Amino acid sequence: MIKHRQKIIINANIEKTWFFLINLSRSLVFDRYYRLIELPSDYKVHDKLKFNIYAQYFLKIHKMKASIIDLQTPELLEIKCAGQGVRIFNHKKKFILSNKNSITELRCSIEGEFENKLINFFYSHFINLALKL
């Protein structure tokens, strides 16, 4: 299992931060492994939204099915990404926002794994480094 957590302080109120976060085509591309976010043309953020993420692992781009599995406006957004194959990183991403006066604390976590334990061990270091940059 690969796990990573990080906290970010944003110089904006929680409403502005939430508005940016739910614009999935803009906010999710900050993950260095995501190459394209494919949303339905009539998309509106809700707890059953399904969409596609094209992610690059091991020099190949993989299409992954994504869905919002938990949503509590404006404090929590959790996404699940899954695909098939040994080189697919099936994972969950959780974003938790908390208001601190006129700034927002964003806590991000990612948990997931490849189907191969050796790949998990090898790749966990790269994922942690990429998410810290």
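Two rings of Phe, Tyr or Trp (for Trp, the six-membered ring) count as a pair here if their centres lie within 6.5 Å. With that in hand, welcome to this predicted model, in which ring pairs link Y33, Y57, F89 and F114 into a cluster.

**Aromatic rings**

- The pairing rule gives a count of 5 aromatic pairs.
- One of them joins Y57 and F114, whose ring centres are 5.8 Å apart, with 90° between the planes, making the pair edge-to-face.
- This pair bridges distant parts of the chain, as its two residues are 57 residues apart. Y57 sits in strand β3 (residues 50-57), while F114 belongs to the loop between β7 (103-113) and α3 (117-132).
- Are these two partners buried or exposed? Y57 has a relative accessible area of 2%, so it counts as buried, the cut-off being under 20%. F114 is buried too, with a relative accessible area of 2%.

**Around H91**

- H91 is part of strand β6 (residues 90-100), and with a relative accessible area of 3% it is buried.
- Which side chain makes a polar contact of 2.6 Å with the side chain of H91? That partner is Y34.
- A polar atom of the H91 side chain also lies 2.6 Å from the backbone oxygen of F89, and F89 is itself a member of the ring cluster.
- Leaving aside residues up to four places away in sequence, H91 touches Y34, Y57, M64, I79, K80, C81, I110, E111 and G112. Y57, named in that list, is the residue whose ring pairs with F114.

- The fold includes an open sheet of 7 strands, paired antiparallel in the order β1-β7-β6-β5-β4-β3-β2.
- Which strands form the edges? They are β1 (2-10) and β2 (34-38), each of which pairs on one side only.
- From one strand to the next, the twist averages 20°.
- Helix α1 (residues 14-21) lies across β1, β4 (60-72), β5 (76-82), β6 and β7. The helix runs at about 160° to β6, the strand that holds H91.

Conventions:
Residues are numbered from 1 along each chain as its sequence is written. This is a predicted model: local features need pLDDT of at least 70, side-chain atom pairs count only at pLDDT 80 or more; totals for chains, interfaces and linings use all residues. Side-chain values use heavy atoms; hydrogens and water are left out. Rings of Phe, Tyr and Trp (its six-membered ring) pair if their centres lie within 6.5 Å; planes under 30 degrees apart count as stacked, over 60 as edge-to-face and the rest as tilted. Helices (H or I, at least four residues) and strands (E, at least two) are DSSP runs, numbered from the N terminus. Buried means under 20% relative accessible area, exposed over 50%, partly exposed in between (1.4 Å probe, protein chains only). A polar contact is a pair of N or O atoms within 3.5 Å; within protein, one must be able to donate a hydrogen and the other to accept it, and residues adjacent in sequence count only if both atoms are side-chain atoms. Contact means heavy atoms within 4.5 Å. Two strands pair if DSSP finds at least two bridges between them. Axes are lines fitted to C-alpha atoms, for helices over the stretch in contact, and angles run from 0 to 180 degrees between N-to-C directions.
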